[in-house]
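This briefing describes a protein structure for a reader who is new to the subject. Please examine the sequence and the structure below before reading the points that follow.

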Amino acid sequence: MQHADNYDIIIIGAGPAGCTAAHELADEFDVLLIDKGDLPQDKPCGSLLNEDSIDILKNWEGVSDILISPSFVTLGYIDFDNKITVKTKRQFWNTDRKKFSSWLLNRLPQNVTISSHTLFKDFEVVEDKIEVIVNRHRSLKLKTKYLIGADGTTSTVRRGISTIPPRRSTLYQVLVTSSAETNNFTWFVFDTSITNYYSWVIPKGDHTIIGTAIEGRSKRNMDLLLKKLSQELRISTEVLKTEGHPVIIIGNLNEIVLGSDNILLVGEAAGFISPSSFEGISYALQSGLMAAQAIKTESNSVIDTYRKLCNPICRRLSDQLEKTQVVFDKEKRSAYLKSVMNE
Ligand SMILES: Cc1cc2nc3c(=O)[nH]c(=O)nc-3n(C[C@H](O)[C@H](O)[C@H](O)COP(=O)(O)OP(=O)(O)OC[C@H]3O[C@@H](n4cnc5c(N)ncnc54)[C@H](O)[C@@H]3O)c2cc1C
């Protein structure tokens, strides 16, 4: 970190949301981007990019560097409850999360100050500034005009401005050796004996990620999932690595918190993540762009501008909320899967 203790903008969290906001703001403002962890971050993640993410990233220089083999995966569904297997035509970009994080950081202009291993602790609004307490070897007090909370699922910035506690669950992933059946396909798997949500199978180079959302009894359910998938897709059940990470599961739009005055929340810190698929990267990129646009727009109230700009994102989230009523319901899901067959 430089010696300055006064910035125009301090961003907490160097994930996709924080990096995107930092990139867009750097041409007009002094930006400090901090993260408590190692940078680039290597978060447990399926790292599939959907149409909305691709739409944003496709024209950003060097984006092909983040892809991993197979670069494109086609979506298929396995519904063990209803004994249905469906292949769709929908495709995702398949990325390596660490390369993605590294690329997002590398494209930041030189004037963005980046500080890893720096923990955001607290803030206080003092007149027209925000005093920010961080810890890097020792406690430091910094000043900023705008604070952006891009600090993910367990956001400390969010706790400072909202009493609405987000509901969370834990997503687990294991890494196994690839099999021919997982090549070029990503499988979304429904089985209520394993999870009330869903599980996923994603090929990554020579390996395959198997992930699932489980509340409790994780080992037993993961073992059962691997057993079923070894029969269905002939995947290996020899686990090379296990990882877990919490995720926010919103039940309605009131659980989205966008900020207060000159403090904005972006990405998962705001609650932006699909409750039906846990796809969050497109929301992180979009809200990062919107927060930057709100700050750059000269208006009396940055938070009001940001709220308006986020309307389309909230509408998309609302559609995803409706989708949970279908895909997580055994009976309704069967008709839905037949309808998307060839989509
Ligand atoms: C297992 C799993 C699989 C997933 N698969 C997909 C997928 O395939 N496709 C997809 O689109 N989405 C997926 N997601 C969701 C996606 O990972 C997130 O939605 C996305 O990373 C959110 O980006 P973000 O920038 O908001 O937060 P994050 O990427 O979580 O970044 C937050 C950053 O803030 C830092 N931080 C937190 N607290 C502090 C603090 N107090 N001080 C300083 N720094 C702090 C953290 O170290 C972290 O680097 C998955 C999530 C999980 C858990």
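How many residues of domain 1 are in contact with residues of domain 2? 16 residues of domain 1 are in contact with 19 residues of domain 2, where contact means that the C-beta atoms of two residues, placed from the backbone, lie within 7 Å. The model is predicted: local features need pLDDT of at least 70, side-chain atom pairs count only at pLDDT 80 or more, and totals for chains, interfaces and linings use all residues. Residues are numbered from 1 along each chain as its sequence is written.

**Domains**

- The domain assignment gives domain 1 (6-45 + 100-165 + 251-322) and domain 2 (55-95 + 167-249 + 325-340); such bounds come from an automatic or database assignment.
- The centres of domain 1 and domain 2, taken over C-alpha atoms, are separated by 28 Å.
- On the side of domain 1 that touches domain 2, α3 (97-106) and α6 each supply at least two residues; helices (H or I, at least four residues) and strands (E, at least two) are DSSP runs, numbered from the N terminus.
- The residues of this side divide into seven nonpolar, six polar and three charged. In this division Ala, Val, Leu, Ile, Met, Phe, Trp, Tyr, Cys and Pro count as nonpolar, Asp, Glu, Lys and Arg as charged, and the others, Gly among them, as polar.

**Nonpolar core**

- The largest nonpolar core has 93 residues, and those with the most contacts inside it include Ile148 and Ala291. A nonpolar core is a set of buried Ala, Val, Leu, Ile, Met, Phe, Trp, Tyr and Cys residues joined through C-beta atoms within 7 Å.
- Helix α6 (residues 281-296) gives the most to this core, with nine residues.
- Because domain 1 and domain 2 both give residues to this core, it lies between them.
- In soluble globular proteins, nonpolar side chains tend to be buried together.

**Two residues compared by burial**

- Alanine 291 lies in helix α6 and is buried, because 34 other C-beta atoms lie within 10 Å. A residue is buried if 20 or more other C-beta atoms lie within 10 Å of its own, exposed if 12 or fewer, and partly exposed in between, with C-beta atoms placed from the backbone.
- Not counting residues up to four places away in sequence, alanine 291 touches Ala21, Ile148, Leu264, Val266 and Tyr306.
- Cysteine 314 lies in helix α8 (residues 311-327) and counts as partly exposed, because it has 15 C-beta neighbours inside 10 Å.
- Leaving aside neighbours within four places in sequence, cysteine 314 is in contact with Leu253 and Ile256.

**Shell around the ligand**

- Of the 38 residues around the ligand, Gly13, Gly15, Gly46, Gly267 and Gly280 come nearest; a residue is near a molecule if its C-beta atom, placed from the backbone, lies within 6 Å of it.
- The largest share of this shell, three residues, comes from α1.
- By class, the shell has 18 nonpolar, 14 polar and six charged residues.
- Domain 1 and domain 2 each give at least three residues to the shell.

**Strands**

- Strand β4 (residues 67-79) and β5 pair in the antiparallel sense over eight bridges; two strands pair if DSSP finds at least two bridges between them.
- Threonine 74 stands opposite glutamine 91 in β5.
- β4 and β5 form a hairpin with four residues between them, and lysine 83 in the turn has a positive phi of about 55°.
- Strand β3 (residues 48-49) also pairs with strand β5 (residues 84-95) in the antiparallel sense, over two bridges.
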